[in-house]
Amino acid sequence: MTTGIHISIKNKTYTTADSRQYIAIANFKLSLPNDNFICLVGPSGCGKTTLLNIIANLDIDYQGEISLIEQHSPPKIGYIFQNPRLLPWHTVRENIELVINSHQAPEIIDSLLESMQLTEHQHNYPEHLSLGMSRRVSIIRAFAVNPDILLMDEPFVSLDAPTARQVRSLLLKLWRQRPHTILFVTHDLREAIALADRLIFLSASPMSVISEIDVTIPREDRNNDQAIESFRQQLLNDYPTIKTLL
Ligand code: ADP
Ligand code: MG
């Protein structure tokens, strides 16, 4: 088998509160290369979070198969949820130490704190952090385990535009230091274009892949709003259905 992520979900149902079976995903197939930054874009409720939970092995109640072919077997998976999920009774540093043995590697935590510009806040408790800072802590926590695959579920929703831009560029900086696969769910097409090697557009339920598009803007131009905007306009002209997914 070739390397990469191979997803084949025959059927994933939820039992609803009134005991009905709700089909969340059916006959969904997708293959992705390793070490790419991939953005998944699709309407609310199409099954993106369900898909990430299945890939992360948090949800095993489905029919189908996920093959994650990496150098490390099984691959290490990091997961950044939409809500940062920090433990309120631990400081920033302690929240990171929960996933990594700091006696072995205090300098790894130091360098991650520095690259996310959180060194000065490492002894603060989550209630004293802004949302942007909390998001940065959750990114550090995911990177600290050195994941082969990093799953990110709309991680920058409700950040103001300058903060989102700053966190995106810090994320890309960390990603460049060590190549690995990122699956990043977003509703924001500009954000997706700024980050991704490849965009995967997903339809409303039943979820299927509508198109896969490689972002050809060079990495050094991803901070250029003009370049992002003209790629976006071209995309919407070439694929009008994408408008209905956002
Ligand atoms: P997305 O992340 O794309 O917005 P989700 O994966 O969260 O979509 O959900 C897909 C569908 O499954 C939605 O219709 C949602 O209401 C339903 N769903 C998600 N979780 C549950 C659950 N625990 N019980 C019942 N239905 C659920
Ligand atoms: Mg979701």
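An open sheet of 3 strands has the order E2-E1-E4, and its pairing is antiparallel. Strands, of at least two residues (E), and helices, of at least four (H or I), are DSSP runs numbered from the N terminus; two strands pair if DSSP finds at least two bridges between them. The model is a predicted one, in which local features need pLDDT of at least 70 and side-chain atom pairs count only at pLDDT 80 or more, while totals for chains, interfaces and linings use all residues. Residues are numbered from 1 along each chain as its sequence is written, chains are lettered from A and ligands numbered from 1 in the order in which they are written, and side-chain values use heavy atoms, with hydrogens and water left out.

The edge strands of this sheet are E2 and strand E4 (63–69), each of which pairs on one side only. Neighbouring strands are turned against each other by 15° on average, direction ignored; axes are lines fitted to C-alpha atoms, for helices over the stretch in contact, and angles run from 0 to 180 degrees between N-to-C directions. E1 and E4 are joined in the antiparallel sense by 7 bridges, and Ile9 stands opposite Gly64 in E4. Helix H1 (residues 48–55) packs on the sheet and touches E1, E2 and E4. The direction of H1 makes about 115° with that of E1. Contact here means heavy atoms within 4.5 Å.

The loop between strand E1 (4–15) and strand E2 (21–32) holds Ser19. Although Ser19 is not a glycine, it has a positive phi of about 65°. Ser19 is exposed, with a relative accessible area of 59%; exposed means over 50%, buried under 20% and partly exposed in between, with a 1.4 Å probe and protein chains only.

A second open sheet has 6 strands in the order E5-E6-E7-E3-E8-E9, with mixed pairing. Strand E5 (77–80) and strand E9 (209–214) are its edge strands, each pairing on one side only. In this sheet, neighbouring strands are turned by 15° against each other on average, direction ignored.

Within this sheet, E7 is mostly covered, as 5 of its 5 residues are buried. In a regular strand the side chains alternate between the two faces of the sheet. Both faces of E7 are covered, with Thr181, Leu183 and Val185 buried on one side and Ile182 and Phe184 buried on the other. E6 pairs with E7 in the parallel sense over 5 bridges. Ile149 stands opposite Thr181 in E7, and Leu150 stands opposite Ile182. E3 and E7 also run parallel and are joined by 4 bridges; the bridge partner of Ile38 in E7 is Leu183.

The loop between strand E8 (198–202) and E9 contains Pro206. The peptide bond from Ser205 to Pro206 is cis, with omega near 0°.

Helix H5 (residues 161–177) has 17 residues, which at 1.5 Å a residue should span 24 Å. The end C-alpha atoms of H5 are 25 Å apart, which agrees. The expected span of a helix is 1.5 Å times one less than its number of residues. Buried residues of H5 are Thr163, Ala164, Val167, Arg168, Leu170, Leu171, Leu172, Leu174 and Trp175. The cover over these buried residues includes strands E3 (37–41), E6 (149–153) and E7 (181–185), together with helices H3 (106–115), H4 (131–144) and H6 (189–195).

Gln117 is placed in the loop between H3 and H4. Gln117 is not a glycine, yet it has a positive phi of about 55°. At 45% relative accessibility, Gln117 counts as partly exposed.

Rolling a probe the size of a water molecule over the atoms shows where empty space is left. The largest pocket contains about 520 Å³ of space. On a 1 Å grid over the protein atoms alone, a pocket is an open set of points with protein on both sides within 12 Å along at least five of seven lines, whereas a cavity is a set where a 1.4 Å probe fits but cannot get out; lining residues have an atom within 4 Å of a point. Grid points are joined across faces, edges and corners, and a volume is the space filled by probe spheres set on the points. The largest pocket is lined by 27 residues, of which Arg165, Arg168, Glu191, Ala194 and Arg222 are the closest to its centre. H5, H6 and helix H7 (225–238) are the elements that give two or more residues to this lining. H5 gives the most, with 7 residues.
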